[in-house]
Amino acid sequence: MLPMSDGPRHAAIRSRIARCVRRAVKAGAKERLDQSVRARLTGVLDTDAELSGAFAGHVASGAICDLLGVREGADREQLCSAAAAALASAHRDAREEDGRIARLEILMIFSRLVEERGAGLGDDLLSDLVRLQQSDLQLTMQEILYNCYSLLIGGSEEPRYAIVGMLHALSQHPEEWTRLKSGAIPARAAVEEVLRWTCPVLHVARTVVEDTQVGDALLQSGQMVSLWYTSANFDDDVFADASRLILDRESNPHLSFGFGPHFCLGATLARMEVQAVLEALVERVDRIEALGDPRPVYSNFVSGLARLPARLHGRTPRAGQRS
Ligand code: HEM
């Protein structure tokens, strides 16, 4: 799995998978995404809804499943509910084995889907991964399955938390929503601040390869260190007024996608998703009203909202305007 490997093999597999992702993203992902966001928004507009699962989760998992070529239906639903349980839970008292079972379930479903692809490979990302078996890289079945797992989790859970976190933030910062809604801030310009603010991945571990001084701390070769992205994103030495949501923040070197050789492979798709939702909100929503307390996910790895009860008040058409 890319996040768990290093060195030349990581670089080689990563570059092929990145090429497949780029190709799949170019092949109509934007249009599919806009359509899916519109349809999902129509489903929750002007009703009291739970937006983490019913909206954000569907947009995110739809995007990655479309890319992988997992059709709508039982497999997609099962994969998405297992992805939600693999690294996090909506319940404080979730058992560790629930996560383990969900992770195994994902691998088993992908194992069957890979087998079903057989000779009938298509133009989806899953078929691309299967083709890498016969390439000079000779990807093993294990490498295919683990990377499907990684793409599914990265592609469904993290954008979900970014999108639902954005909805919550906009409901709590009406002044920023007004600036966005009035066009003072273009939707495109708000994407990076949404990512900084929501920071769905809390931390990533690394092994120190040579003694390194960081501030007052000496990190010794062989030690494990955690890079707390969520802390870096609110570093007062880097971000002016770090604890304020400023949608059109000028300098925004956030670390929500990490950095270096493991930099998020789905960053382009994730940015497209956030932008598509922002654009649809500006076009069709007047007000975002949170209803009651949101509920966080329980996880030591990702951060976000498992539930956001809210109402998206649809745009009131002006006289003579079609809604
Ligand atoms: C807002 C959404 C997302 C966030 C915040 C996010 C965040 C991250 C982070 C922090 C890493 C680790 C970087 C490091 O170790 O330095 C990562 C890696 C990765 N992400 Fe994402 N991600 C998002 C969306 C996606 C999407 C949509 C996909 C799938 C298309 C994806 C696939 C991956 C993969 C495969 C890796 C491993 C790359 C490697 O190890 O070489 N991510 N992501």
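A: The residues of the shell around the ligand divide into 19 nonpolar, 8 polar and 2 charged, where Ala, Val, Leu, Ile, Met, Phe, Trp, Tyr, Cys and Pro count as nonpolar, Asp, Glu, Lys and Arg as charged, and the others, Gly among them, as polar. This is a predicted model, in which local features need pLDDT of at least 70 and side-chain atom pairs count only at pLDDT 80 or more, while totals for chains, interfaces and linings use all residues. Residues are numbered from 1 along each chain as its sequence is written.

Of the 29 residues around the ligand, those that come nearest are Gly 154, Gly 258, His 262, Cys 264 and Gly 266; a residue is near a molecule if its C-beta atom, placed from the backbone, lies within 6 Å of it. Two or more residues of this shell are given by each of α1 (7-26), α7 and α11, and the largest share, 7 residues, comes from α7. Helices in this account are DSSP runs of H or I with at least four residues, and strands are runs of E with at least two, numbered from the N terminus.

Two of these elements also pack against each other: helix α7 (residues 141-172) and helix α11 (residues 267-284) meet at an angle of about 30 degrees, with their axes 10 Å apart. The axes are lines fitted to C-alpha atoms, for helices over the stretch in contact, and the angles run from 0 to 180 degrees between N-to-C directions. That angle makes α7 roughly parallel to α11, because angles under 35 degrees count as roughly parallel, over 145 as roughly antiparallel, 65 to 115 as roughly perpendicular and the rest as oblique. The contact is made by Glu 158, Pro 159, Ala 162, Ile 163 and Met 166 of α7 together with Ala 270, Glu 273, Val 274 and Val 277 of α11, two residues being in contact if their C-beta atoms, placed from the backbone, lie within 7 Å. By class, the contact of α7 with α11 has 7 nonpolar, no polar and 2 charged residues.

Elsewhere in the chain, helix α2 (residues 29-44) and helix α3 (residues 51-68) pack at an angle of about 160 degrees, again with axes 10 Å apart, and that makes α2 roughly antiparallel to α3. Among the residues in this contact are Leu 33 and Val 37 of α2, and Phe 55 and Val 59 of α3. By class, the contact of α2 with α3 has 10 nonpolar, 3 polar and 3 charged residues.

Asp 46 is found in the loop between α2 and β1 (48-50), and its phi is near 60 degrees, a positive value in a residue other than glycine. Asp 46 is exposed, with 11 other C-beta atoms within 10 Å; a residue is buried if 20 or more other C-beta atoms lie within 10 Å of its own, exposed if 12 or fewer, and partly exposed in between, with C-beta atoms placed from the backbone. Asp 241, which lies in the loop between α10 (229-232) and α11, has a phi near 50 degrees, a positive value in a residue other than glycine, and with 9 C-beta neighbours inside 10 Å Asp 241 counts as exposed.
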